[in-house]
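Here is a friendly note to read with the model open beside you. Please take the points in order and find each pair on screen as you go.

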Amino acid sequence: MGRGKIEIKRIENANSRQVTFSKRRTGLLKKAQELAILCDAEVAVIIFSNTGKLFEFSSSGMKRTLSRYNKCMDSSEAAAVEYKTEKEDSKMVEILRDEIAKLETKQLRLLGKDLTGLGVKELQHLEQQLNEGISSVKERKEELLMEQLEQSRVKEQRAMLENETLRRQVEELRCLFPLTENVVPSYLQYQHMETKNAFIANGVKSPNLISNCANEKGDSDTALHLGLLPTDVRHKRKAPGKATFSNDSESHMALL
């Protein structure tokens with residue numbers, strides 16, 4: 001006759017509870033050992049009695065089994081967190097894709113494309129949006145034009161002030177340095193005078209110089225006729241005669 005089924009609940013009698021604990025603990029540790037040997041599994045069993053006494057069994061060492069258990073728990077938690085994050089990210093990606101598709105459709109409709117599925121009310125709403133957008137663009141354009149106009153006015157005022165300042169400075173300089181009556185000869189006149197001096201130094205007489213010399217000679221003859229020629233001028237006019245006589249005498253001696 002088989003053993004009857006025992007109801008699983010706390011045993012009230014302390015002696016019976018202790019006896020049952022000892023028997024079942026021994027059987028559990030024996031089954032764990034058999035499982036480790038038969039199936040080549042890593043088995044660890046930890047038991048605490050109601051009095052706090054520890055009973056344990058480990059096929060590969062309790063510390064090693066516990067460290068392996070902790071690593072598995074950490075990896076499983078990390079894997080669960082990663083899976084949850086990926087799931088949330090994928091959901092967010094789907095939401096963003098839907099929003100992008102809606103925005104692209106809206107942009108095409110604002111450009112006047114893909115209007116086949118719209119009704120009268122939707123078209124009126126779209127027309128109102130376009131009118132509002134055009135008015136906003138015009139207002140912004142007017143603001144920019146007014147800003148550019150104001151900047152141009154400011155630049156014009158600055159230029160006028162600078163011109164006025166320069167004009168005053170020029171007037172002050174004119175007051176400090178008035179124009180003189182003696183005009184400085186230009187570069188061309190100065191060059192012409194230098195050319196005349198060079199011709200005179202080389203013994204070349206230009207027509208202008210000859211006429212000037214003739215005028216000077218006439219003036220001197222007139223002065224001599226009137227008896228107004230100074231003594232030093234007389235000596236100068238007599239000197240060329242002497243030089244001519246000396247030159248003639250030298251040439252006569254050379255012929256002899």
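1. Let's begin with the overall count: the structure, which is a predicted model, holds seven salt bridges. The points below visit some of them.

2. Start with Arg10, which pairs with Glu12 in a salt bridge. The closest N and O atoms of Arg10 and Glu12 are 3.5 Å apart. Are these two residues buried or exposed? Both Arg10 and Glu12 are exposed.

3. Next, look at Glu42 and Arg68, whose side chains form a salt bridge with an N to O distance of 2.4 Å. Why is this pair worth a look? Glu42 sits in the loop between α1 (14-39) and β1 (44-48), while Arg68 belongs to helix α2 (residues 62-110), so their contact ties together parts that are 26 residues apart in sequence.

4. Now move along to helix α3 (residues 120-176), where you will find Glu164 and Arg168. Their side chains meet in a salt bridge, at 3.5 Å from N to O. How far apart are they along the helix? Glu164 and Arg168 are four residues apart, so about one helical turn separates them. Glu164 is partly exposed, with 29% relative accessibility.

5. Which residues are linked with Glu164 and Arg168 in a network of salt bridges? Arg167 and Glu171 join them, giving a network of Glu164, Arg167, Arg168 and Glu171.

Conventions. Residues are numbered from 1 along each chain as its sequence is written. This is a predicted model: local features need pLDDT of at least 70, side-chain atom pairs count only at pLDDT 80 or more; totals for chains, interfaces and linings use all residues. Side-chain values use heavy atoms; hydrogens and water are left out. A salt bridge is a side-chain nitrogen of Lys or Arg within 4 Å of a carboxyl oxygen of Asp or Glu. Buried means under 20% relative accessible area, exposed over 50%, partly exposed in between (1.4 Å probe, protein chains only). Helices (H or I, at least four residues) and strands (E, at least two) are DSSP runs, numbered from the N terminus.
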